[in-house]
Amino acid sequence: MGQRQSSGIFGSGANPGRFPRLCLASLLVLGLAVAASPAFALEENVYRQFMGIDSRRLIWFLAQMHLFFGAFVLGVPLFAVIIEVVGWNNKDPKFDNLAYEFTSLLSVAYATTAALGGLLAFALFTLYPTFMGYMAGIFKDIMFLYALLFFGETFALYMYYYGWNWLKGGGLFSTKMQWLFKGISLVIAAFGLALLLGAIGPAMRVDTRWFILLLYILPLAVGFWIIRDRKSSHIFIGILLNVFGTAIMQLANSWAGFMMSPAGVDADGVLVGTVWEAFENILATPIAIHRMLGNLAFGGLVAGAYAAVKFIGAKTAEEKAHYDWMGYISNFVAIAALIPLPFAGYYLGREVYSTSAVMGNNMMGGDFSWTFIIQAMLVGSLFVISNYYLWSGMTRIPGAERYYKFIKYILFALIVSFAIWLTPHNLPLTSQEVGEMAGSQYHPMLKYLGLMPAKNAVVNLIILATFFSFLLYRRGNMEDAVSIRAQGKGARITILIVGGVAIALVAQYAVTMLQMDPAELDLPADRAEFIRMIGYVLVFECLIGIVAIILALTDRGKLGQAIYLAVTAFNVTIFLGVYGFVVMEKASPVLRNVAVSQFLQLISCLVLVAVIDAFLFKRAKSLGGMQWGKMTVRSQYALLLLTFVITMNMGLMGFIRSGLRGDWHIFGIMRDTSDWAYTPSNFVMTQQVGAAVLLFMIGCAFMFWLGGISSKKQED
Amino acid sequence: MNVTITRIFPFLLVVLGVYLWIGYSITELTGGGRKSSAAVDISPEGGEAIYWGKGRCFTCHSVGGQGSAVRGPNHGQFGEKFPLSMGARAVERARERAEKEGVEFTAVDYVVESLASPGAYVVKGY
């Protein structure tokens with residue numbers, strides 16, 4: 001392991017000229033932003049071409065490549081720091097080494113991301129000068145900040161990577177020093193509290209407020225609080241790296257959000273509000289939330305692909321064991337991010353509808369309705385393949401064969417849900433087929449499966465089934481549950497706190513539903529019953545949650561879990577699935593509340609059941625150690641397939657998000673008057689995204705190869 | 001590592017091939033590729049480019065077996081529900097409108113009105 005520690009992609013021979021190049025690239029972007037002549041939305045657009053290439057496709061390709069590498073660079077540090085914290089907390093060097101190995105993948109990716117970002121900026125400023133001049137005029141302050149943040153991220157990344165061994169060992173810092181850091185932590189926490197209570201930024205959107213709190217304030221406060229020695233300082237640098245990365249992403253997202261939902265400007269595009277208003281446009285934060293989770297899943301899976309490649313090429317049992325474990329951790333991280341991702345997507349979609357019904361209809365029922373069918377195929381595949389990987393993993397767990405019998409039922413639920421998820425509302429039919437259906441283009445039964453209530457129901461079932469697979473996996477080698485009562489106050493208090501939070505999450509929405517005035521949804525008063533019904537279901541769910549907690553605390557945790565899971569599955573999939581159709585018919589706007597209630601019940605259930613499970617099997621008698629490395633090569637191809645699929649899906653979703661603007665550069669403000677102002681077909685999308693995926697994977701292979709030769713050199 | 005990567009790339013190419021095939025099949029199924037309509041002649045080809053391109057007509061209508069949208073009536077001859085061609089249908093609708101409104105109404109008037117003000121005459125069932 002020691003060798004692996006010092007054998008990053010660059011090892012100790014990193015190119016010292018990379019940092020100045022990155023700084024230069026940042027300065028160039030900054031210079032371009034400042035030098036851009038001011039332009040106005042109503043000016044006639046100027047378009048240029050480079051070597052006769054379709055400018056839109058060129059920008060699309062460069063942006064896609066930049067985002068692929070950027071997502072990896074932002075995603076990997078997120079879980080690298082978490083893994084490092086786990087190792088630090090458990091005093092297990094295995095986790096520390098793994099975190100280091102993940103981080104070693106970043107260097108080349110970071111430089112490539114910056115280079116592609118520079119290329120993209122040059123291409124945008126030279127090929128779309130009017131549009132970029134306008135954007136630079138509105139966002140010049142943000143662009144300055146964006147470029148400056150790169151310095152912060154660069155310093156943090158290199159400190160984090162190259163300082164790994166340097167910031168190991170040593171004694172505790174002096175008490176004064178520790179209190180100084182704790183003091184800073186308290187100041188940051190107080191600032192966070194003021195932000196939470198609305199004393200700072202009272203007009204801020206709720207989602208932006210929580211985004212800042214959870215992704216900047218909380219990590220920084222925790223980071224300062226834990227500093228007590230060199231290692232914890234290193235963890236703090238890791239946290240700082242993530243804060244810089246997240247901020248860079250959020251700033252860039254605000255531009256993409258502004259293009260879809262411009263704010264702070266009048267109908268002519270003149271800035272009449274503040275830069276903050278333009279920055280905090282309606283879609284900026286929903287996109288940032290979605291992208292954050294997507295990056296985490298993507299980073300996990302690309303790191304998983306690295307582990308899979310290494311596993312396939314491994315020559316010794318020790319190597320196989322290490323990369324098998326690395327692949328498992330990567331996949332675990334990816335699944336953890338994948339589970340809430342559909343809900344973040346739903347939230348983003350809802351905000352798109354709220355911004356513009358034209359964009360909303362175009363998304364789900366217009367140009368992109370069939371693109372969403374492809375998306376359903378890809379996302380469904382991600383879940384099915386992830387489950388397959390978990391089931392394959394059970395073969396290396398002694399005792400897991402007890403649970404094999406459940407796999408066929410999980411598979412059945414997944415396949416049925418998958419099939420429903422990708423069923424379109426209306427099918428392309430021949431005139432003969434239409435005649436056979438009595439002149440209707442809608443199939444008498446399948447037409448229901450194409451509607452949103454059916455989709456919402458099955459996506460919840462897919463997530464529940466995946467969670468169930470995970471529960472079986474982690475219980476694989478554990479003989480039987482242990483007493484929670486015997487574990488002392490700590491276990492009971494944790495279950496009570498987590499359970500309380502989970503139930504409170506559902507309860508607050510139950511109260512909202514029981515009090516909501518139908519007029520808020522533009523509905524007549526007699527439709528209140530449809531909203532109240534959701535409230536009653538949520539109250540019932542809360543009661544079941546309480547029952548699960550009581551059972552867990554009285555050593556009948558498995559029964560509590562079973563009841564809670566079964567009731568949640570029934571509520572979110574069957575009851576609210578069917579009820580969604582009723583709501584759609586009688587009180588359509590309430591459908592979004594149904595979806596939110598499904599999400600809250602599901603998330604609360606997953607969190608509480610997972611916590612109960614952690615204590616139920618804490619130090620449970622083992623049936624044998626995990627046999628890392630005893631995995632089929634086929635399972636590693638599943639890991640690779642997951643990476644390919646998520647990469648293709650990212651490209652596809654980018655196409656939808658960007659394409660929703662139709663023939664507008666900035667929706668409703670600046671029209672796209674170029675020859676390329678039309679929505680490309682799905683075939684063009686797959687060509688474009690496919691080419692970007694291929695090139696990205698070649699880039700990844702190059703990174704992995706560099707890692708390989710560096711390791712080999714160290715071993716020699 | 002090199003050998004491993006050469007094993008994996010054919011796998012990636014197969015996956016990408018399937019992805020392209022899905023994109024191609026769905027495009028064919030839903031009315032073919034879109035075309036730019038920045039500058040088109042006043043011709044049937046120009047109209048078709050607008051229909052399947054910038055005009056976005058295909059998001060609500062199909063033409064016979066081409067396209068899959070059913071939010072609005074099919075613009076071609078299709079099954080028992082749409083036995084007449086668009087031209088013949090326009091003549092019939094114009095006659096109905098003329099009888100109802102008591103003013104002269106030609107097939108061209110009907111088509112122009114439907115384009116400019118789609119809600120002026122909504123076909124039964126839509």
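## Two loop residues of chain A

K91(A) sits in the loop that joins helix 3 (55–90) to helix 4 (93–104) of chain A; helices here are DSSP runs of H or I with at least four residues, numbered from the N terminus. This is a predicted model, in which local features need pLDDT of at least 70, side-chain atom pairs count only at pLDDT 80 or more, and totals for chains, interfaces and linings use all residues. Residues are numbered from 1 along each chain as its sequence is written, while chains are lettered from A and ligands numbered from 1 in the order in which they are written.

Although K91(A) is not a glycine, its phi is positive, at about 55 degrees. K91(A) is exposed, with 8 other C-beta atoms within 10 Å. The cut-offs for that count, with C-beta atoms placed from the backbone, are 20 or more for buried, 12 or fewer for exposed, and partly exposed in between.

D555(A), not a glycine either, has a positive phi of about 65 degrees. D555(A) belongs to the loop between helix 21 (528–553) and helix 22 (557–586) of chain A. D555(A) is partly exposed, having 16 other C-beta atoms within 10 Å.

Helix 15 of chain A covers residues 369–394, 26 residues in total. From first C-alpha to last it reaches 38 Å, close to the expected 38 Å, a span defined as 1.5 Å times one less than the number of residues. Of the 26 residues in helix 15 of chain A, 22 are buried.

## Where the chains meet

In the interface, 34 residues of chain B are in contact with 42 residues of chain A; contact requires C-beta atoms, placed from the backbone, to lie within 7 Å.

Conventions: Two residues are in contact if their C-beta atoms, placed from the backbone, lie within 7 Å.
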